[in-house]
Amino acid sequence: ETFATTRAHRPNVMATRHVVAAGHPWTAQAGFEILEAGGNAFDAGVAMGIATNVLESQFTSFSGVAPSLLYSAERREVVALSGVGVWPKAASVAFFRDNHEGRIEGIWNAIVPGAPDTWLTVLEEFGTMSFADVAGAAIRFAREGFPMYPFMAHIIETTADQYRRWPSNAAIYLPQGRPPKVGEMFVQADLGATLQYLAD
């Protein structure tokens, strides 16, 4: 099928002032709102990154990593941020082999969170807005919740046994002892409180 005969199910996105793209429509909305409020692309990118940490938390986490590649037209410079935290010095191959049968899981799988450092670094170096300004949508999505959507529901359902292994994760991802159903409100209250604390 050629381009000329391809039938789109929705119109192509075209813009005259600014445009964003994201894996979830509400993530894109969070970034678009920042641009509409006068923020720059870096502000919008951080808003979208934090929103992704809430809206797609089955894959990405505010307490996880955020490797980022940025381009500043003003500086004519590409900047790479590793966005990855560190493990304690004692977290050696021998430690896991001798104490955990070579498995790295649970709290042992956690690193010092790299994502918050990335978001704050981008705002400090390139942004025009505060963390509180750009985190507003993510805070709202976490604290008030959002309707569970099919793809996230499917991922949680297929990995439910992993969530059940950790009571604190099960409390979030298996409310009422089961995976959330499409359309049910999905709340991450503790994450919302953490983001609000940082904003304050």
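Predicted model: local features only at pLDDT ≥ 70, side-chain atom pairs only at ≥ 80, totals over all residues.

Colleague: Okay, and how many helices and strands does the chain have?

Modeller: There are nine helices and four strands. Reading from the N terminus, the order is α-α-β-β-α-α-α-β-α-α-α-β-α.

Colleague: What size of box do the C-alpha atoms fill?

Modeller: Along the principal axes, roughly 60 × 45 × 40 Å. The chain has 200 residues, and 36% of them count as buried.

Colleague: How much of the contact set comes from residues 24 or more positions apart?

Modeller: Such pairs make up 64% of the chain's contacts with a separation of 6 or more.

Colleague: And what about the surface, how much of that belongs to carbon and sulfur atoms?

Modeller: Carbon and sulfur atoms hold 57% of an accessible surface of about 12,600 Å².

Colleague: Let's switch to α9. Which of its residues are buried?

Modeller: Helix α9 spans residues 189-199, and its buried residues are L191, G192, L195 and A199.

Colleague: Why do they line one face of the helix?

Modeller: Looking down the axis of α9, the buried residues fall within an arc of 100°, so they line one face. As background, an α-helix has 3.6 residues a turn, so residues three or four places apart point the same way.

Colleague: What does that buried side pack against?

Modeller: The buried residues of α9 pack against α2 (41-55) and α5 (131-144). On the face turned away from the buried side you'll find the exposed residues D190 and Y197.

Colleague: New topic: H24. Where is it, and is it buried or exposed?

Modeller: H24 sits in the segment before α1 (25-36). Its relative accessibility is 6%, under the 20% cut-off, so H24 counts as buried.

Colleague: Which residues does H24 touch, leaving out those up to four places away in sequence?

Modeller: Those are L55, E56 and Y149.

Colleague: Last one, W108. Where does that residue lie?

Modeller: W108 is in the loop between α3 (93-99) and α4 (115-126). With 39% relative accessibility, W108 counts as partly exposed.

Colleague: And what does W108 touch, again skipping residues up to four places away in sequence?

Modeller: W108 touches W87, F95, F96 and H100.

Terms used: Residues numbered from 1 in each chain as written. Heavy atoms only, no water. Helix = DSSP H or I, 4+ residues; strand = E, 2+ residues; numbered from the N terminus. Buried < 20%, exposed > 50% of the residue type's maximum accessible area, 1.4 Å probe, protein only. Contact = heavy atoms within 4.5 Å. Arc of directions from axis to C-beta. Areas by Shrake-Rupley, 256 points an atom, 1.4 Å probe, with all protein chains shown as cover.
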